[in-house]
Amino acid sequence: MSLAFFNGEFLPTESVVIPIDERGHQFGDGVYEVIKVYDGKPFLMREHLVRLENSAKAIRLEMPYSVEQLEDLIHEGLTRAELRDAQVYLQITRGIAVRLHAFPDAPPSVSMTFRPSKSLTEEVFNAGVKVALLDDERWLNCYIKSLNLLPNVLAKQTAADRGCFEAVLVRDGYVTEGSSTNAYAVKDGVVYTHPANKRILHGITRAAVLQVAAELGIEVREELYTPEFLLNADEAFLTSTTAEVLAITQVDDTVIGTGKPGPIVRKLHAKFRELIG
Ligand SMILES: Cc1ncc(COP(=O)(O)O)c(C=O)c1O
């Protein structure tokens, strides 16, 4: 079943009503994480919660719980919800206060949902996906996992309208990342991906995949690359908590490589799955 947590209480998801003056609701004034749970084990949970702490710090939001306390709450939620394969959504906002922009004198709000996981099918992994290249219209602090996702939402919808799985974003002539994924191009056996600076989210899956690539002896260059480079790549792929390692087989009207997931993507995904266990 699915379950929610709001400010200290576990409740049925449908029964939670968020107060009208909640700042997440009014300003998107908060940060979040999504953690995937495989067979009862939250995957890379510590890494996600450390990133949450870093995002909170970046927006000057004091964390109401330590990483260890959040870990305990997540385990408790999964047990209460009786979920083995799940997705945990966790957000912290600047609390509940009459609407004024400046920081309120209010405790932060913590909400979580525990839901059965919605994994992509093996058919999707085996076929790969089509993506659309779109302008990156986000702010300049994309390393913060902030609730403000309007440009991401609009890009994802435009991509969907064009029959694409994802929007791959371009800023100042270079590919940054997907609307909810990190993006990669493979050329002559080398994996290229945007450097982990302020212009992209430092994906937890990205870090794991870079480690997996090192173990496999696959060279990775964290360098800027252009849309043209992506269009001429031998392979391309996306990574995220929910998409794992997912081949891009078409960018707009251009087929990438053979039009099927290539050897490097397949190797990385297989090794990544070993990490999941
Ligand atoms: C903009 C963006 N980039 C990358 C990712 C992938 O991050 P992770 O691997 O931590 O899920 C996400 C995930 O939501 C995202 O929203």
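**Exercise 1.** Sort the lining of the second largest pocket of this predicted model by residue class.

*Solution.* Five residues of this lining are nonpolar, three are polar and one is charged. Arg counts as charged, and Tyr counts as nonpolar.

**Exercise 2.** Which helix gives the most to the lining of the second largest pocket, and which domains does that lining draw on?

*Solution.* Step 1: helix α2, residues 45-58, gives the most, with five residues. Step 2: domain 1 (3-116) and domain 2 (122-276) each supply at least three residues to this lining. Step 3: the volume of the second largest pocket is about 150 Å³.

**Exercise 3.** Describe the largest pocket by its volume and the residues closest to its centre.

*Solution.* Step 1: the volume of the largest pocket is about 1,100 Å³. Step 2: its lining has 39 residues, and Tyr32, Val34, Lys145, Ser179 and Ser180 are the closest to the centre. Step 3: elements that give two or more residues to this lining include β3 (30-38), β5 (86-93), β9 (174-178) and α6 (204-216).

**Exercise 4.** Which element gives the most to the lining of the largest pocket, and how do the lining residues divide by class?

*Solution.* Step 1: α5 gives the most, with four residues. Step 2: the lining of the largest pocket holds 16 nonpolar, 16 polar and seven charged residues. Step 3: at least three residues of this lining come from each of domain 1 (3-116) and domain 2 (122-276).

Key. Residues are numbered from 1 along each chain as its sequence is written. This is a predicted model: local features need pLDDT of at least 70, side-chain atom pairs count only at pLDDT 80 or more; totals for chains, interfaces and linings use all residues. Side-chain values use heavy atoms; hydrogens and water are left out. On a 1 Å grid over the protein atoms alone, a cavity is a set of points where a 1.4 Å probe fits but cannot get out, and a pocket is an open set with protein on both sides within 12 Å along at least five of seven lines; lining residues have an atom within 4 Å of a point. Grid points are joined across faces, edges and corners, and a volume is the space filled by probe spheres set on the points. Domain bounds come from an automatic or database domain assignment.
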